[in-house]
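Subject: Model for your files, with notes

Dear colleague,

I am passing on the structure below, together with my notes on it. Please read the notes with the structure open beside them.

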Amino acid sequence: MTDGQRLSLHVPEPEVRPGGKPDFSNVPIPKAGSVRRPEVDVDPKEIRDLAYSIIRVLDREGEAVGPWAGSLTPEELMEGLKHMMLLRVFDSRMLMAQRQGKTSFYMQHLGEEAVSCAFRKALLPGDMNFPTYRQAGLLIAGGYPMVEMMNQIYSNDADPLKGRQLPIMYSAKDYGFFTISGNLATQYVQAVGWAMASAIKNDTKIAAAWIGDGSTAESDFHSALVFASTYRAPVVLNVVNNQWAISTFQGVARGGSGTFAARGLGYGLPSLRVDGNDYLAVHAVAKWAAERARRNIGPTLVEYVTYRVGAHSTSDDPSAYRPKEESEAWPLGDPVIRLKNHLIRIGTWSEERHKQMEAEIRDTVVAAQKEAERHGTLHSGGRPSMRDMFEGVYAEMPPHLKRQRQQAGV
Amino acid sequence: MPRMTMIEAIRSAMDVSMERDDDVVVFGEDVGYFGGVFRGTQGLQQKYGKTRCFDAPINESGIVGAAIGMAAYGLKPCVEIQFADYMYPAYDQLTQEAARLRYRSNGDFTCGITVRMPTGGGIFGGQTHSQSPEALFTHVCGLQVVVPSNPYDAKGLLIASIENPDPVIFLEPKRLYNGPFDGHHDRPVTSWAGHPLGEVPAEHYVVPLGKAVVRRPGSAVTVLAYGTMVHVAEATAEETGIDAEVIDLRTLMPLDLDTIVTSVKKTGRCLVVHEATLTSGFGAELAALVQEHCFYHLEAPVIRVAGWDTPYPHAQEWDYFPGPARVGRALRDMMEA
């Protein structure tokens, strides 16, 4: 008996709110190079501890250290730096375009560029990503034309999606990029289904599922993990933990679980945690997980520990729910600066050349933007036709829609 | 011509489809080794192997979500939701994903999936094994909704559904699996053995989606029905002596409006019957369409006979079911109007 003790409800709160001093001292950050690299066919039971650590390659001095280092050549790293810088400039231009009223909505990647840019380089042609709204690096690093992305954002007359989708909800099958829903978590189990199909057909392609920390609370996350585990689907299950789900800190979705990676343990999945702001570490872990899938060993859960420096979208102001200085206090630094410092450290890069490349990238993005704007922006210039609105609901337009189109006068 | 029950015809449709096309896969709860709780997939795993017909975890959003991913890859999944009453966890995947892949991606990705689910009551299934949720699907643009009423149609419509490039919700009136049912629950059970629509070709054939059929020609009143209620309507016409024209809609979306309008303009009266609850049911859509398109031909208001707006009860099943007594009363009232 508990002598009639009164119960009370636990509602978790972040450590700090606006006005407070940011404090990440409770986030344990292992030293770069300190986490072991198991063979890809390791028994998941033997690496349960990796779900509670953080795999890191770049140390404070910009040196690549430890068993996960060495998955990329200096040339590939240069390319990676360029992709991240492109994405950052693309974001800043599109964010401004939204403020100028050229589109209704935008979502940026600031601080998270390494995750999608580096992951993309671990995939092969034919593989399929099932992304959320914050993985445009998959497109940038996959060589998808920036102008097409902008056309989609502007919903102009060259929009590949004919103005039907919210800005940034791209679709690019030929580039291994599944149509973004805008719903949360639904794509996670679809990725598993796609991977199961590849296995059913004895194909060689693998899938990658993407989800954010907040959406792991959705039941489709559980559905995906059950299906992936049961059928050993060739899929990489990515969780991007950027600490914030709009205004809700990650603890609300994580609950009593130590980490998001640890969610995979109950399903018998090898579950790794990686420094999401470390391009080299992201790539090395992605490659490891992709190889497991490709060798038909099964799925892997990967948690990318990162920080959403910007707002969730153009529709919220983070200073209303977290300290403004929090991003600067984030202990894993900035992915672009860290890779730049590494390249300088190994002697293939310099501050001058970096500045020069920044300017070149800006010119490239501005040129693409001008080209896109020739096709119109949301409220001016060319736009998809009203006829397009009625097309594509079904392969063949049913009679009732034909009648409605007629009523609409198109 | 072989004779089949409706469940055998449904199984034959999947068999024929899997035989013809390696991309057709079948999965769901208990559908693999055991062959489904209604035996709809019996023998398919033995014939086509475990990777083409298999058991799924009890997770409807997972079943449909995985099927969507498979369709995006290029397969043609035909999945089973064990009872239509269990589809709600999958509703998000069906309505916002399956229904919209083609539209939102401008055809970059499509979703040719078929989702089978037993529907309707009459088997003392209570509130969680008797529902008729068709209106929850007809309201969703991008979905197609099929409800067969007999073995011949069930096979041809299911093959057409599996071959269709867009998602199809295939609702199987479970009370019809083993025999036609005219609503007289107190009479001996009949089988498909003596029914002309129990003659089902063993080979491939298609009953096209979007085509209704006149089941019983008549001149006095048009009865719009689908699934089990087709048999109830036919029996009621015979028993009341009212010369009703019974239309079996077969596909609710897309709807064969031409057949409906032609009939109502001829008879001047229209009764809509369905087993699902009345309010905001598919009958409301039918009644609206009939008055829009046939108003000047109508001699009486369009009447609906449907399940009462209550959960499907257990002990009161036959008080709930819109059987021949209620349908007959409505027909007589309409003729007097």
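Two residues are taken to be in contact if their C-beta atoms, placed from the backbone, lie within 7 Å, and the domain bounds that I quote come from an automatic or database domain assignment. This is a predicted model, in which local features need pLDDT of at least 70 and side-chain atom pairs count only at pLDDT 80 or more, while totals for chains, interfaces and linings use all residues. Residues are numbered from 1 along each chain as its sequence is written, and chains are lettered from A and ligands numbered from 1 in the order in which they are written.

I begin with chain B. Its assignment gives domain 1 (6-198) and domain 2 (213-336), whose centres, taken over C-alpha atoms, are separated by 25 Å. Across the boundary, 30 residues of domain 1 of chain B are in contact with 28 residues of domain 2 of chain B. On the domain 1 side, the elements that give two or more residues are α6 (134-138), β5 (144-146) and α7 (151-163) of chain B, where helices (H or I, at least four residues) and strands (E, at least two) are DSSP runs, numbered from the N terminus. That side divides into twelve nonpolar, 14 polar and four charged residues; here Ala, Val, Leu, Ile, Met, Phe, Trp, Tyr, Cys and Pro count as nonpolar, Asp, Glu, Lys and Arg as charged, and the others, Gly among them, as polar.

Chain B also holds a cis peptide bond, from B:Met253 to B:Pro254, with omega near -5°. B:Pro254 lies in the loop between β10 (251-253) and α9 (257-267) of chain B.

Chain A is divided into domain 1 (44-313 + 321-379) and domain 2 (386-410), and the C-alpha centres of these two domains of chain A lie 37 Å apart.

Between the chains, 35 residues of chain A are in contact with 36 residues of chain B. The elements of chain A that give two or more residues to this side are α5 (186-200), α6 (219-231) and α13 (399-408), and the largest share, eleven residues, comes from α5(A). By class, the chain A side has 17 nonpolar, 14 polar and four charged residues.

Angles under 35 degrees count as roughly parallel, over 145 as roughly antiparallel, 65 to 115 as roughly perpendicular and the rest as oblique. A crossing is left-handed if the near helix is turned anticlockwise from the far one by less than a right angle, and right-handed if clockwise.

- The axes of α5(A) and α6(A) come within 7 Å and cross at roughly 15°, so the two helices are roughly parallel to each other, and the crossing is left-handed. Among the residues that meet are A:Val189 and A:Val192 in α5(A) and A:Phe221 and A:Phe227 in α6(A), and the contact divides into nine nonpolar, two polar and one charged.
- Helices α2 (residues 113-120) and α8 (residues 279-294) of chain A pack at an angle of about 45°, with axes 8 Å apart, and are therefore oblique to each other. Their contact has seven nonpolar, one polar and no charged residues.
- Helices α1 (residues 74-99) and α11 (residues 351-374) of chain A have axes that come within 9 Å and cross at roughly 50°, which makes α1(A) oblique to α11(A). This contact has seven nonpolar, one polar and four charged residues.

Finally, A:Ile246 has phi near 45°, a positive value in a residue other than glycine, and lies in the loop between β4 (244-245) and β5 (248-249) of chain A.

With best wishes

Definitions and conventions. Axes fitted to C-alpha atoms, helices over the stretch in contact; angles between N-to-C directions.
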